[in-house]
Amino acid sequence: MELQGKVIAALEARSGVSARGEWKAQDFVIETHDAYPKKMVFSVFGADRLQRFNIQVGQEINVSFDIDAHEYNGRWFNSIRAFDVRLVDPNAVGSVPPAMDPGAFTAAPAAQPAATPNAAAAPFAPQAGEQSADDLPF
């Protein structure tokens with residue numbers, strides 16, 4: 001999966017020693033540029049990846065990540081680990097076209113069918129001069 005956004009926080013790096021040797025990880029928070037912005041925390045695991053990605057607060061990035069879950073003491077926890085992070089040109093962010101054109105919601109007036117003398121009126125439509133108790137269009 002991928003998500004693009006601006007890095008708004010870099011949490012403190014964690015390190016330790018396991019059966020496989022020393023390890024290092026750091027969490028970062030990004031925020032999307034949607035109409036309703038979303039935030040996501042992701043982890044970068046490994047000193048080599050941390051150095052290669054060199055993530056800084058304020059950067060515009062595209063994060064490729066995997067989501068996994070694990071159980072601990074009867075509770076489940078999500079894990080979002082980045083396997084690739086790429087810088088995005090900040091000037092290109094504003095030029096992305098919106099996902100939905102706001103003008104798509106304004107309807108053009110419907111064409112009126114020509115009246116014919118033998119046309120039967122729809123059973124739900126009020127006759128001329130009558131008022132409907134329900135003025136909903138559907």
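**Note on the predicted model**

1. The protein chain contains two helices and six strands. Read from the N terminus, its elements follow the order β-β-β-β-α-β-β-α. The model is a predicted one, and the remarks below should be read accordingly.

2. On the chain as a whole, 20% of the 138 residues are buried. The protein chain exposes about 11,200 Å², and carbon and sulfur atoms account for 54% of that area.

3. Contacts across the sequence also deserve attention. Of the contacts between residues at least 6 apart in sequence, 47% link residues at least 24 apart.

4. The largest nonpolar core comprises 14 residues. Those with the most contacts inside this core are I30, F42, V44, I55, I61, V63 and V85. Two or more residues are given to the core by each of β3 (21-31), β4 (39-45), α1 (47-53), β5 (60-72) and β6 (75-87). As general background, nonpolar side chains in soluble globular proteins tend to be buried together.

5. I55 is one of the core residues with the most contacts there. When neighbours within four places in sequence are set aside, I55 touches V7, F28, F42, V44 and V85.

6. S64 belongs to strand β5. Is S64 buried or exposed? Its relative accessible area is 7%, and because buried means under 20%, S64 counts as buried. Apart from neighbours within four places in sequence, S64 is in contact with M1, E2, R81, A82, F83 and D84.

Note on methods
Residues are numbered from 1 along each chain as its sequence is written. This is a predicted model: local features need pLDDT of at least 70, side-chain atom pairs count only at pLDDT 80 or more; totals for chains, interfaces and linings use all residues. Side-chain values use heavy atoms; hydrogens and water are left out. Helices (H or I, at least four residues) and strands (E, at least two) are DSSP runs, numbered from the N terminus. Buried means under 20% relative accessible area, exposed over 50%, partly exposed in between (1.4 Å probe, protein chains only). Contact means heavy atoms within 4.5 Å. Accessible areas come from the Shrake-Rupley method with a 1.4 Å probe; for residues, only the protein chains shown count as cover. A nonpolar core is a set of buried Ala, Val, Leu, Ile, Met, Phe, Trp, Tyr and Cys residues joined through side-chain atoms within 4.5 Å.
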